[in-house]
Amino acid sequence: MSNQKSKEIKYTSMSAKRRVGNTSTYIVLILMSMIWLFPFAGLVLQSFRSYDSEYGGMVNYLVPKHFSMDNYLFLFSGKTNYLKWYSNTLVIAFAVAILQTIIVLCVSYALSRMRFSGRTALMRFWLILGMFPGFLTMICLYFLLKQFGLTQEGAIPGLILVSVASCGMGYYVCKGYFDTIPKSLDEAARIDGATRSQIMFQMILPLSKPIIIYTALVAFMAPWCDYVFASYVAFGHDESYNVAVAMTRWVWTNDYQGYFTRFCAGGVLVAIPVTVLFMCLQKYYVEGVTGGAVKG
């Protein structure tokens with residue numbers, strides 16, 4: 001009986017310590033979440049503050065005294081090219097997402113399933129090239145694009161071309177996922193007379209939904225958030241700006257206080273598509289990352 005009581009006391013003590021530990025962890029996580037979300041909450045609140053009624057940015061409070069849709073109405077009023085900038089960003093992001101996904105899937109399948117001369121050397125060469133930052137090539141790429149008329153008024157196809165041109169080197173995660181699919185499936189299909197393309201499109205890709213979504217999301221995010229290279233290629237041509245470049249020009253104006261709340265409203269609208277995509281596809285995104293994080 002004494003042994004049983006001592007075990008019960010020990011179990012109760014361990015449970016109490018576990019509850020205290022879990023509670024402390026949750027409190028820390030909640031505090032970290034509040035600190036992390038504070039700037040985003042401030043951005044949303046400021047987007048509903050009217051410049052006409054609350055004097056732009058010169059206020060000492062966070063929550064607007066009078067909520068207003070003036071900033072959002074300004075974006076769609078025709079007084080600015082915001083819709084054009086937004087559509088430019090959508091076109092670039094969707095085009096890059098589609099083309100990059102196709103190319104990365106094809107390259108990853110070839111490196112995962114096929115054995116050919118120079119395969120290992122090619123992967124090592126791409127790995128070494130990937131260590132160099134893309135900023136090193138900005139000047140060279142700009143003058144190359146300029147020769148083909150793909151800067152300023154032609155910046156949109158130029159940005160798509162640059163984003164897609166070397167995307168095959170980003171095969172690592174996708175190839176790792178393909179490596180987890182048993183090759184016996186390929187061998188059985190080959191015995192039955194299936195071609196390489198039939199194996200890829202009818203067998204491998206239906207089993208690779210998580211990595212396809214992961215690849216598309218990553219490809220979509222890069223041009224959606226791009227500022228440095230987009231500002232470099234589209235410099236001086238308002239019609240070719242994406243949202244990031246154009247809205248930066250707003251806060252560089254002399255009327256900073258007037259455009260600050262409009263900048264916040266534009267930022268909220270930019271965040272909506274990415275937030276919705278991640279909320280809807282989070283499950284597949286996580287599966288793609290964990291499934292592809294293996295040694296191939």
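Colleague: Which helix is Met 34 found in?

Modeller: Met 34 is in helix H1, residues 2–47; helices are DSSP runs of H or I, at least four residues, numbered from the N terminus. This is a predicted model, where local features need pLDDT of at least 70, side-chain atom pairs count only at pLDDT 80 or more, and totals for chains, interfaces and linings use all residues. Residues are numbered from 1 along each chain as its sequence is written, and side-chain values use heavy atoms, with hydrogens and water left out.

Colleague: Why is Met 34 called exposed?

Modeller: Its relative accessibility is 55%, and exposed means over 50%, buried under 20%, partly exposed in between (1.4 Å probe, protein chains only). Therefore Met 34 counts as exposed. Met 34 also belongs to a nonpolar surface patch of about 830 Å², with Tyr 26 and Leu 29 among the other members. Patch residues have over 30% relative accessible area and no salt bridge, with nonpolar side chains (Val, Leu, Ile, Met, Phe, Trp, Tyr) joined within 5 Å.

Colleague: What is the nearest side chain of opposite charge to Arg 119, and how far away is it?

Modeller: That is Asp 179, 5.8 Å away. A salt bridge needs a side-chain nitrogen of Lys or Arg within 4 Å of a carboxyl oxygen of Asp or Glu, and Arg 119, although buried, has none. Arg 119 sits in helix H5, residues 119–129.

Colleague: Which residues touch the most other members of the largest nonpolar core?

Modeller: Tyr 82 and Phe 178, in a core of 52 residues. Such a core is a set of buried Ala, Val, Leu, Ile, Met, Phe, Trp, Tyr and Cys residues joined through side-chain atoms within 4.5 Å. Helix H4, residues 82–113, gives the largest share, 10 residues.

Methods. Patches are made of residues with over 30% relative accessible area and no salt bridge: like charges are joined within 9 Å, nonpolar side chains (Val, Leu, Ile, Met, Phe, Trp, Tyr) within 5 Å. Accessible areas come from the Shrake-Rupley method with a 1.4 Å probe; for residues, only the protein chains shown count as cover. Helices (H or I, at least four residues) and strands (E, at least two) are DSSP runs, numbered from the N terminus. Lys and Arg count as positive and Asp and Glu as negative; His and the chain ends are not counted.
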